[in-house]
Every structure is written in C-alpha cells, then in structure tokens.
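Hi,

Here is the structure I said I would pass on. Have a look at it first, and then read on for what turned up.

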Amino acid sequence: MYACLLPVETLLDIFTIIHEDSSINSYPTLAALARTCRTFKEPALDTLWKHIHGLEPLISCFPEGVRNRDVKGTLTLIRPPFAREWNIFAQYAHRIRSLIFDPFWSDVIDDRVVQALTSTPSPTLLPNLSTLHWFDDQECFIPLLRCLLVPTIRSIKLGSVRSKNPWAPSFAKSALLTSLGAWCPSVREFKCIYHGESDDCSDIISDLVCSLRELSHLEAGILNPQALLHLASLPSLKSLYFRAHNIDSTQITVIPTFVSQINLVHIAAPSPSVLAHCLTNVRFLCCRSVALDIDSDPSGLPYDPLVVPGLINSFSECFSAALEDLSINFVPPLYLMEDEEILADPRFALSFDMVAPLLSFSRLTKVDLDWICASAIDDASLKIMAQSWPLLQEFYLGSGCAWLIPPSLTFIGFIHLIQHCRALRTVDMTFCACSVDTNIEPFCKTIPNQNITKIFVGMSPIVDVISVACQLHTLVPKLTGVNRFEELRDVRPMPQFLNFEEDWDKVNEFLVVLNAGAKMRESVGRATHECPDAA
C-alpha cells in the first residue's frame, strides 16, 4: 500500500514515533513530511505542533514585517498583527495540545508580544489546549496565562522554577485562581502549591478545589476541611498531595472519609504533632501508598520522642489494612546530622511499642522508617515485624541517621527478616553484625534470598569480619557489597565503632572472593553436567 493511502490515524502514529525518536532531530523531518503531499500535511503539522515549549514558535508564524528581534535577541512586534496575519497564527494555534511556559521562554518575548496575544481577535488563544505547565512567577504574564485557560484543559501545573516549588502569592494570581474552575471545569490533574502567611491562600485554593469535579490527581498546599470533604466525594481521585496545618477541631463537623481507592496520598507537615492532628481528622479506607514528609526541627533536634507514638497511633487509625507502601521522612533528611551529643542520646531510641500499631498493615511491601533510632528494638521484636509483613520488598529501619547508640538488634534479627520476608530486595537497617551458630535455627532453616544485591547497614558495629561475610554470602548469595555511613568527623570513636570503616571494607573484600568462588563452582557444575563422562 502506498503511504499516502494510509488512514490518517495510522499516519499520526507513524509521525508520533518519528517525533519521539530521541536519536534524530524530528522537527525538520516532520516539516519536510508536511510539504511532501496534501495527505501528509495535516497529520504531520498536527504532530509537529502538538507539544510546544514557550510561545516563540507561534510568534515566528507572523511575517517578518510584523515580528523582529531587538539587540538582546528578544522577540518583539513591529506593529500589531492584522486579521489576515492572525489567520496564519490560528492555522497552527489550533493544533497545539500541550504548552510548557517557564522563565526561559518568558525572557525571549517582550511586552508588545504579550499585549498582542492578550488582544487576539479569536476568543481563545489556543482553543484545543489540554495540558498547560506554567512555571513563571512574573506578574506581567498573568493576563497571558488567563488567555490560555480554556474548557478543553485537562492538566494544569502552576509553579515557579526560580523558587523551586510554591507559586508566590499575589492578588493577581489569587484573582485568577478564584475563576479557574469556571474557565477549566474538566481539569483532571491540578498542581499548584500556593500558600503564604495568611489563611487567604488556603481558602482560595480550597474554593477552587471544591469547584473541580473530575479530579484524578491533585497537588495543592493547605486545604481546609470543606475541600477535603469535597475530595472525599470524588470517585475519580487517584492521588493527593497537600500540606497539613493546625485545624481548629471545632470547625470539623464531619470527618472527611475517602472510600474510593487512592493510589497515593502524600502529606507534608511542619511537625510530627501537626501531622498527627491532621491524621486524626481524616480517614482513607482504601489507599495503596502513603508518603509523609515532616519539616526538620529548626532547633536541630531530630524529633520529640514523646510525640512520635501519638503520630503512629493516628496513622494506624487514619489508614486501612489495604495499605501497601509506607514512607515517613524528614525534610531535609536526618542523615545530615552530626551532633555527637544528640546522636548518642538514648532518649531518642524508640521502642517496639512505637511500631506495634503498624503491625496490622499485613499487605505492606515497603516500610520506610529509616529516620527513627531503632536501638531499643531487639531481635524478637523484629521477628514479629517480619512475620506481620510477609510481603515486604523494601525495608528501611533506623539507618537514615548515624546513630551512635549501640543497637539491640543482632545478626539474628537480620536472619528473621530474610526468613519471613521472601520477596525482599532492599534492606537498610542497623544491627550488631556478629557471628551466629549456623547449625541451629533460625539460620539453618532460612532459605537464601536471591533478590538482594546491596544492603545498607548505617552505623552497624561489627564483630568477627570473616564470619559475618560468610553468613551474609550464605543468606544473600547475590550480595555484591555492603554500604554504610562514613566515619563521622570530629566525633570521638566509641568502643563499639572502633575500626568500623575498615571492618566493613574487609567484609566487601571477602564478598568479592566468595562471589568469585561461587561463580567458579557454578561453572564447574555446568561443565560436569554437560560432560558427565569427564567427571
């Protein structure tokens, strides 16, 4: 069949493959295809213009007598475009489905371009736009942003590249956000971290959220109880990110309860106590994955050990047993902490009772509690945890900070984890690496794990390097290396951590030898199987 006789849908698929091929510059190729024949023209142009970065390509459609560049290279207009020139513009504008606009692209157009685009004779600038990513904080471009908001939009992300995340509050932005729901009622994905010192920003975003009835993915700042109640009523919602704050419990007459399945709930909070209060006032009955981010304490302390149990209790009441992934992290992470007095303070060691409320989540495949000081959790406790979470694939416990409190966990605890969690592929935990009796349980009854290739042991003290290396190789035969913290600067070495780095380096050296020997035995075994007479 001649290519020009192929259906338009097939041509679009072919041209899309060309456009997405990173090994070639597809723009000249598609432009050439558009000039090849009338059959190719429309699908090639649709593919060429489907996604654009900035508005410079569109402005370049105006004749040279209309557009120009100044001495700085900024695109400008010599005069306002006439109707016939706007018609040329429209021939390409209606093809655009996705636009990314950031400071790089805003810097290449001047005020005249913005004034012309906001005065276009067409009621909409890009009538078929479905995805808009706007990462610019400048007030002068807000009128242009307004002209891009059309009912066909399904995905909007508003933010600032320069300030990394939040969209800096202003009256102009607030005015736009209050009407965005009316202009784009069918938005399914919305991202705008918009919060300031007053409650106005929260009220504005919450009011907008309440006007969106087809949301499937939301990333917002602080949401009030009314917004959470609205979101809980949406069966389409699949992922949710918001920032917790101190809510007056008297304002909550009905606890928002999310009954539909949500793939991801991501909550940020300024402190563990604020997060605990938030979790007390919301319920997720069918959530697969949870990520909780807590701002690190500006005082330099890792956390208040008296508050953490309340946080874990609130968490266990907020989420159901359907949960599969659990991650709690501090921002910035605690591994940056090097204060010896804090790292060696036993007050921060959390007991097994703190973890116990999480044991009911039997479907967990990921548990990330690397920030806690787990020095008070012993082998028997870890065995209970491993038996409660048999589906674990990723396990992080007490390894996210260079704690100098000797762990109660020993190599026996590591064995329990390998024995009861057969799907494990990632282990980050701190334990006392020592020799064990390999002829008795649990070692002799544990099936080796073939998934794990690397482990992280934090500040695990080690005794008897050769035995530890052999035990690791036996239990985890694919293990190629052990990672750990570097020795802390300006910290006096405690007896348990003397030669810490050298000993773990020796373990890695032994693992290299043991793995090489295993490969040799495997090779000899294959040769023997293939040539039984030679044996």
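Why is helix α17 (residues 411-420) largely enclosed by the rest of the structure? Seven of its ten residues are buried, so the rest of the structure largely encloses it. Buried here means under 20% relative accessible area, with exposed being over 50% and partly exposed in between (1.4 Å probe, protein chains only). Helices (H or I, at least four residues) and strands (E, at least two) are DSSP runs, numbered from the N terminus.

Before you go further, some housekeeping. This is a predicted model, so local features need pLDDT of at least 70 and side-chain atom pairs count only at pLDDT 80 or more, while totals for chains, interfaces and linings use all residues. Residues are numbered from 1 along each chain as its sequence is written, and side-chain values use heavy atoms, with hydrogens and water left out.

The overall picture

The protein chain has 19 helices and 19 strands, and 49% of its 535 residues count as buried. Take the contacts (heavy atoms within 4.5 Å) between residues at least 6 apart in sequence: 76% of them join residues at least 24 apart.

Back to α17

The buried residues of α17 are Phe 411, Gly 413, Phe 414, Ile 415, His 416, Leu 417 and Ile 418. Their cover includes the helices α16 (379-388) and α18 (465-475), plus the strands β16 (394-397), β17 (426-429) and β18 (454-456).

On the α17 side, Phe 411, Phe 414, Ile 415 and Ile 418 meet Val 468, Gln 471, Leu 472 and Leu 475 of α18. The residues of this contact divide into seven nonpolar, one polar and no charged.

Setting aside neighbours within four places in sequence, His 473 is in contact with Leu 511, Leu 514, Asn 515, Ala 518 and Arg 521.

The loop between β18 and α18

Ser 460 is in this loop, and at 0% relative accessibility it is buried. For polar contacts, the cut-off is a pair of N or O atoms within 3.5 Å; within protein, one must be able to donate a hydrogen and the other to accept it, and residues adjacent in sequence count only if both atoms are side-chain atoms. The side chain of Ser 460 reaches the backbone oxygen of Val 457 at 2.5 Å, and a polar atom of that side chain lies 2.9 Å from the backbone nitrogen of Phe 431. Beyond its neighbours within four places in sequence, Ser 460 is in contact with Met 429, Thr 430, Phe 431, Phe 500 and Trp 504.

Asp 464 is in the loop between β18 and α18 too. Although not a glycine, Asp 464 has a positive phi of about 65°, and at 37% relative accessibility it is partly exposed.

Most residues other than glycine have a negative phi, and most peptide bonds are trans. Which peptide bonds are cis? One runs from Val 331 to Pro 332, with omega near -5°, and another joins Glu 441 and Pro 442, with omega about 5°. Pro 332 is in the loop between β14 and α14, and Pro 442 is in the loop between β17 and β18.

Cheers

Definitions and conventions: Ala, Val, Leu, Ile, Met, Phe, Trp, Tyr, Cys and Pro count as nonpolar, Asp, Glu, Lys and Arg as charged, and the others, Gly among them, as polar.
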